[in-house]
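Here's a quick briefing on a few helices and the charged pairs around them. Have the coordinates open while you read.

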Amino acid sequence: AALGKEITVNFNRKGQATGMMGALYAFTNARVQGTARVWKTLSGPAGTKIILGGLTLGVLQALALSAAGMGDDEPPEFIKDKSTIIPLGSTGKYIAIPMPLGYNYIPAIGRKLTELALRGGKNPGKTAFGILEALMDGLNPMGSSTMAQTLAPTIADPLISIAENKNWNGQPIHKEDRSSLNPTPGYTRFKDSASGLGKVVAKAINYLTSGFDNYKKGYLSPTPDDIDYLISQATGGVGKEAVRTWTVASGVYNGEDVPAYKVPLFGRLYGNTKEPAAEASKFYKNLTEINQHEYAVKERIKNKENPSEYIKDNPDAKLYESANRIEREISQLNQKKRLMVEKDVPRERVKVLEMAINARMKRFNDVVEKYRATSTQQK
């Protein structure tokens with residue numbers, strides 16, 4: 001009986017601070033014991049085999065993803081860090097098998113190092129930071145998140161996450177305003193996967209706190225994605241799956257495409273890097289990186305430095321003018337889509353516009369990939 005209790009977490013074992021820490025941070029006792037158990041296993045006779053096997057699995061993972069034609073961020077990094085990905089050919093579809101927490105950082109390190117070698121050693125800082133994040137995720141008994149979320153009591157985590165616009169895996173929760181000088185009501189900024197309930201509640205809150213004027217941003221103006229996030233955090237796993245069920249049912253009823261990751265239960269084990277939601281996520285990430293290139297190039301010119309060496313190392317920096325143009329086009333199309341939805345335009349017409357938006361995003365993403373591939377070949 002004593003040995004059985006010690007296999008995983010012995011809830012009868014408590015430290016002097018367990019009561020206080022448990023009140024502030026949920027599952028502290030289980031997390032601390034789990035971390036200690038992992039280290040005890042790795043320092044034992046099987047530790048070397050586990051580490052070598054994990055690193056080998058990571059190498060094979062990187063090679064399999066590369067052979068399937070997937071880029072560094074396909075699937076998203078947080079999924080690859082916690083799951084073994086089985087690509088289904090070159091279709092962009094994949095199966096994700098969750099890895100045991102506490103050990104998942106070992107394959108992640110092997111994969112990240114292999115990906116660095118496959119891209120010709122480009123951007124080693126990104127790899128180093130990714131390895132550090134994986135280690136902190138595996139070694140931190142308080143859980144993985146930003147520093148503010150880690151230090152804050154559990155009850156405050158959802159509000160801090162929304163303020164930082166980062167969920168537990170570092171992904172953005174909501175769409176931000178493109179310009180702080182041109183604020184828009186939160187209910188107008190939502191992802192395709194936002195639930196109908198979230199949209200209704202977000203619009204009501206904005207209306208009540210804007211002087212009953214939904215054309216102005218209210219004192220409180222959450223996005224529908226913020227509302228969905230708060231509901232899922234308040235109700236736990238059941239709430240998360242309920243929100244996903246609502247999203248799927250609403251999507252089927254309205255004829256909308258529902259991202260694979262939003263499907264209850266099934267979405268945890270399956271994904272598609274080529275679906276519209278994935279293309280949109282990649283598009284905005286590319287925009288952010290190219291905006292950084294634009295700043296770097298213009299600052300060099302401003303300081304009378306030659307930016308040619310920087311552009312040679314980062315060929316996609318040449319795309320900043322195209323990026324600014326396509327960003328304006330997408331913004332206008334999204335605004336048109338929102339007005340069509342508000343006016344109850346037939347779903348078929350809205351879907352045609354969505355396809356046009358997605359086609360523009362995909363073309364831009366493909367161009368960015370070609371420029372980056374040029375840099376890798378040169379390396």
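**Helices and salt bridges**

Lys 112 counts as buried, at 5% relative accessibility (buried is under 20% relative accessible area, exposed over 50%, partly exposed in between, with a 1.4 Å probe and protein chains only). Keep in mind that this is a predicted model: local features need pLDDT of at least 70, side-chain atom pairs count only at pLDDT 80 or more, and totals for chains, interfaces and linings use all residues. Residues are numbered from 1 along each chain as its sequence is written, and side-chain values use heavy atoms, with hydrogens and water left out.

**Glu 77 and its partners**

- Lys 112 pairs up with Glu 77 in a salt bridge, with the closest N and O atoms 2.6 Å apart (a salt bridge is a side-chain nitrogen of Lys or Arg within 4 Å of a carboxyl oxygen of Asp or Glu).
- Glu 77 sits in helix α5 and Lys 112 in helix α6, so this pair ties together parts that are 35 residues apart in sequence (helices are DSSP runs of H or I, at least four residues, and strands are runs of E, at least two, numbered from the N terminus).
- Arg 111 also forms a salt bridge with Glu 77, and here the closest N and O atoms are 3.1 Å apart.
- Because Arg 111 belongs to α6 (residues 105-118) and Glu 77 to α5 (residues 77-82), that bridge links parts 34 residues apart in sequence.
- Arg 111 is buried, with a relative accessible area of 1%, while Glu 77 is partly exposed at 22%.

- Lys 362 and Asp 366 make a salt bridge, their closest N and O atoms being 3.1 Å apart.
- The two are four residues apart in helix α15 (residues 347-378), so about one helical turn separates them.
- Lys 362 is partly exposed at 36% relative accessibility, and Asp 366 is partly exposed at 36%.
- Elsewhere, salt bridges with shared partners join Glu 77, Lys 80, Asp 81, Arg 111, Lys 112 and Glu 115 into one network.
- Searching the whole structure turns up 12 salt bridges.

**Thr 127 in α7**

- Thr 127 lies in helix α7 (residues 124-139) and counts as buried at 5% relative accessibility.
- Neighbours within four places in sequence aside, Thr 127 is in contact (heavy atoms within 4.5 Å) with Lys 112, Leu 113, Leu 116 and Arg 119.

**Helix α12**

- The buried residues of α12 include Glu 279, Lys 282, Phe 283, His 293 and Glu 294.
- Just after α12, Lys 304 takes a positive phi of about 60°.
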